[in-house]
Amino acid sequence: MPILAGQIAFYYLAAASIASAILAVTRRNPVHSMLWVLALFLHVAGIFLLVGAEFLAAVQVIVYAGAILVFYLFFLMLLDLPREEAGPPFGAHWPLCAAAGLAFAALAWYAREPGLLPAREGVAVGGPSPGNISAVGMALFTQFALPFEIASLVLLAAMVGAIVVARRKTES
Amino acid sequence: MVPVGACLGLSAVLFGIGLIGFLGRRNIILMLVSLEIMLNAVNVNLAAFGHYLQDQRGQILALFVIAVAAAEAAVGLGLVIALSRNRPGVSVEDLTQLKW
């Protein structure tokens, strides 16, 4: 029964996230788009929970839905866009874009049952299960310590770069 | 519990929707948001493979993707502010200065 419940939950989350992604891309009002993207992020966080990535689900809600999306919403309110509602939401070349997107999705869908090596069962016998936050933290701070530090450097560079780009030019 | 093929199919569909939005929308902020949708699709893929192979390295890669997405949002929106200071509106069809 838990397996069936998990599958039902997965298919609900998948359908809801696809629907909210389509609505987010096609809405004319940018704020409505943002709210549909918020729904998409929360449903994707649910999918992360289902595949045993609890920490990733928490980070998805806190960082993506809580920080990045609110940041985008602030920007939309800073730059008021009265004319965006008047014109068409898509450019003149939208059939070409739709064809490109559908072709890519069809290709990736076609390759979704990969001839992978079979799933390894019971690798982490005795240890914490791989989805656990402690296992993720252990790997992040031992095996991936250098990429972790480089990620902090990337964030610092992005912060300085954003300030430099967006700063008002002062005549000295 | 969750079949990996279904996760990969969901990821493919989400990535295609994000690609359509990125190529087709006229508003530059919504283009950046479509980029976030595509990055989310990639994260679903990574988490599904991590679950399938019973390995937490997929989750760690997804964490790095989230960090890079935050950096991209900061720099991209800084560029949008610098752009909107020089011209009204954020439609990409007005940005033709580099067109030959």
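The model is predicted: local features need pLDDT of at least 70, side-chain atom pairs count only at pLDDT 80 or more, and totals for chains, interfaces and linings use all residues. Residues are numbered from 1 along each chain as its sequence is written, while chains are lettered from A and ligands numbered from 1 in the order in which they are written.

**Chain A, overall**

Chain A contains 6 helices and 0 strands; helices (H or I, at least four residues) and strands (E, at least two) are DSSP runs, numbered from the N terminus. Buried residues account for 26% of the 172 residues of chain A. A residue is buried if 20 or more other C-beta atoms lie within 10 Å of its own, exposed if 12 or fewer, and partly exposed in between, with C-beta atoms placed from the backbone.

**Helix H2 of chain A**

Next, select residues 30-50 of chain A, which form helix H2. H2(A) has 21 residues and reaches 30 Å from its first C-alpha to its last, close to the 30 Å expected at 1.5 Å a residue; the expected span is 1.5 Å times one less than the number of residues. Its buried residues include Met34(A), Val37(A), Phe41(A), Val44(A) and Phe48(A). They are covered by, among others, helix H1 (2-26) and H3 of chain A together with H2 of chain B. After H2(A) comes Gly52(A), which has a positive phi near 80°.

**Helix H3 of chain A**

Move on to residues 54-78 of chain A, helix H3. Its 25 residues should span 36 Å at 1.5 Å a residue, and the 34 Å between its end C-alpha atoms agrees with this. Centre the view on Tyr64(A), where H3(A) bends by about 25°; the bend is the angle between axes fitted to the seven residues ending at a residue and the seven starting there. Tyr64(A) is also one of the buried residues of H3(A), as are Ile68(A), Tyr72(A) and Phe75(A). An α-helix has 3.6 residues a turn, so residues three or four places apart point the same way. The cover over the buried residues of H3(A) includes H2 and helix H5 (133-141) of chain A, and helix H2 (28-52) and helix H3 (57-86) of chain B.

**Chain B and its side towards chain A**

Now select chain B, which has 3 helices and 0 strands. Its C-alpha atoms fill a box of roughly 50 × 25 × 20 Å along the principal axes. Of its 100 residues, 59% are buried.

Which residues should be highlighted between the chains? In total, 64 residues of chain B are in contact with 73 residues of chain A, contact meaning C-beta atoms, placed from the backbone, within 7 Å. Helix H1 (4-24), H2 and H3 of chain B each supply at least two residues of the side that touches chain A. The largest share, 22 residues, comes from H3(B).

**Last stop: Gln54(B)**

Finish in the loop between H2 and H3 of chain B, where Gln54(B) is found. Gln54(B) has a positive phi of about 55° although it is not a glycine. Most residues other than glycine have a negative phi. Is Gln54(B) buried or partly exposed? With 17 other C-beta atoms within 10 Å, Gln54(B) is partly exposed.

Definitions and conventions:
Contact = placed C-beta atoms within 7 Å.
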